[in-house]
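Look at the structure below before reading on. The report that follows goes through its aromatic rings, its charged pairs and its domains.

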Amino acid sequence: MIAYVERILQDTDGELKPDHDISSISKFLDLQGSIESGGSTSIASKDFGCLYSSEPLAFIKPSGADDIARVVKAASRALHMTVAARGNGHSVNGQAMNDGGLVIDMRSTEENHFQLLTIDGSPSPNYIDVSDGALWEDVLTRCVSEFGMAPRSWTDYLGLTVGGTLSNAGVSGEITVCSETRNPELFFGVLGGLGQFGIITRARVKLQTAPDMVRWIRVLYSEFEAFTRDVEFLVSRKDGESFDYVEGFVFSNNDDPVNGWPSVPFDPDHGFNRKLIPPTAGPVLYCLKVAFHYRHSDQPSTVDTAVSGLLELLGFVEGLKFLVDVSYVEFILRVKQVEQQARASGIWDAPHPWLNLFISKSSIAAFDRTVFKEMLKDGIGGPMLIYPLLRSKLTTKVVE
């Protein structure tokens, strides 16, 4: 098989042509899954970012880990053959694409694994083994509806594959099981390794009992100093002494429907009262988003007291508070509603540039003055998220 692929590459000056190579490659790979032609019309030729496009040689739909290993091994022995793993294609700079190479459709393995586990001496199930190609939104709905459990942490957007979230795709050649204690060097290399160490085919996710409801709150700030003081205070508190979710965003101090005040409220009965904005406010304002989890069995007064007690510790602009009570699943899938609206309007298929930055605490005030208040004061036509991370939460693992 390898000799055949190398001969084709040599005969075509290093460029494989989908119109005459797909059937032959499919025959020699002998996969349990299937292979589709690539090209500019293939789903593998684009991603969510819509900034780049490519023409892959083939789009491979593996049946499982054996197929993935076979493809990667074959490509590694061929001349100039490359492989990329594609989850749900939510990358923004073409990371899941592979011009002239092979793209593996990890979504085709989504149903391979879904098993609840009880380990570490737990009295009840506390982990779930799930396929790399499963979407987090499917993990959520199945865990909650079938077991009343949920993963302990989430991304904002759940239309991502489990494997893609953990590794952003990958290239490898052997089927290997790894953990913190079993092949630890590979384990820590794969996590966040941008796919350069391995393709994750299955993940074990820690679970906790899922709450029933969420009190979802947004409060507004006119001063960056007060905003950062409060978010740092909240994330620094011990578990059980703060909100269950803390995030913030910056928006323009105007009535622009996308970048300004209309982007803040979510309670149709409680609009944004611009008269409450202090006259000293600058060109941008700051929104703190928090959530408090609770169960149906909790007394409403207990929830009210807990939420009010936390909000009383914060210095947001009085009167600029918005809240709703929603189900836990509805809250976790909150971005799904935005996606559905964007797809309906066509915005979802527009280019989506995206930039993530880590800013030190000592530099964040200067960043606000220069970037938010000057460069981006009119908005960017999309979200400008900002939230603190505790350095102690960033795991540093040295493997000797």
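Are tryptophan 216 and phenylalanine 331 buried or exposed? Both tryptophan 216 and phenylalanine 331 are buried, where buried means under 20% relative accessible area, exposed means over 50%, and partly exposed lies in between (1.4 Å probe, protein chains only).

## Basis of the model

This is a predicted model, in which local features need pLDDT of at least 70 and side-chain atom pairs count only at pLDDT 80 or more, while totals for chains, interfaces and linings use all residues. Residues are numbered from 1 along each chain as its sequence is written, and side-chain values use heavy atoms, with hydrogens and water left out.

## Aromatic rings

The whole structure contains 15 aromatic pairs. Rings of Phe, Tyr and Trp (its six-membered ring) pair if their centres lie within 6.5 Å; planes under 30 degrees apart count as stacked, over 60 as edge-to-face and the rest as tilted. One of the pairs joins tryptophan 216 to phenylalanine 331 in an edge-to-face arrangement, with 5.3 Å from centre to centre and 80° between the planes. This pair links distant parts of the chain: tryptophan 216 belongs to strand β9 (residues 213–221) and phenylalanine 331 to helix α9 (residues 328–332), 115 residues apart. Helices (H or I, at least four residues) and strands (E, at least two) are DSSP runs, numbered from the N terminus.

Phenylalanine 331 also pairs with tyrosine 245: the ring centres are 5.2 Å apart and the planes are at 80°, so this pair is edge-to-face. Here too distant parts of the chain are linked, with tyrosine 245 in strand β10 (residues 245–252) and phenylalanine 331 in helix α9, 86 residues apart. Tyrosine 245 and phenylalanine 331 are both buried. One aromatic cluster is formed by Trp216, Tyr245, Phe266 and Phe331.

## Charges over rings

A charge sits over a ring if NZ of Lys or CZ of Arg is within 6 Å of the ring centre and within 35 degrees of the ring normal. Arginine 334 lies over the face of phenylalanine 331, 4.4 Å from the ring centre. The charged end of arginine 142 sits over the ring of phenylalanine 114, at 3.7 Å from its centre.

## Salt bridges

Side chains of opposite charge can pair when their charged atoms come close. A salt bridge is a side-chain nitrogen of Lys or Arg within 4 Å of a carboxyl oxygen of Asp or Glu. The structure has 16 salt bridges. In one of them, arginine 142 meets glutamate 111, and the closest N and O atoms are 3.6 Å apart. The two residues come from distant parts of the chain: glutamate 111 is in the loop between β4 (102–105) and β5 (114–117), and arginine 142 is in helix α4 (residues 136–147), 31 residues apart. Glutamate 111 is exposed, at 58% relative accessible area, whereas arginine 142 is partly exposed, at 28%.

Arginine 334 forms a salt bridge with aspartate 156 (2.8 Å, N to O). Because arginine 334 lies in helix α10 (residues 334–345) and aspartate 156 in the loop between β7 (149–151) and α5 (162–167), the pair ties together parts that are 178 residues apart in sequence. Arginine 334 counts as buried at 11% relative accessibility, while aspartate 156 is partly exposed, with a relative accessible area of 26%.

Another salt bridge joins lysine 361 and glutamate 232 (3.5 Å, N to O). Lysine 361 is in the loop between α10 and α11 (364–375) and glutamate 232 is in helix α7 (residues 224–236), so this pair ties together parts 129 residues apart in sequence. Lysine 361 counts as exposed at 63% relative accessibility, and glutamate 232 as partly exposed at 25%. Salt bridges that share partners also join Glu137, Lys336, Glu339 and Arg343 into one network.

## Domains

The domain assignment gives domain 1 (2–108), domain 2 (114–210) and domain 3 (213–392); such bounds come from an automatic or database domain assignment. The C-alpha centres of domain 1 and domain 3 are 41 Å apart. Between these two domains, six residues of domain 1 are in contact with seven residues of domain 3, contact meaning heavy atoms within 4.5 Å.

How much area do domain 1 and domain 3 bury between them? They bury about 520 Å², 73% of it on carbon and sulfur atoms. Buried area is the accessible area (1.4 Å probe) that two parts lose on being put together, summed over both. The count of salt bridges between domain 1 and domain 3 is zero.
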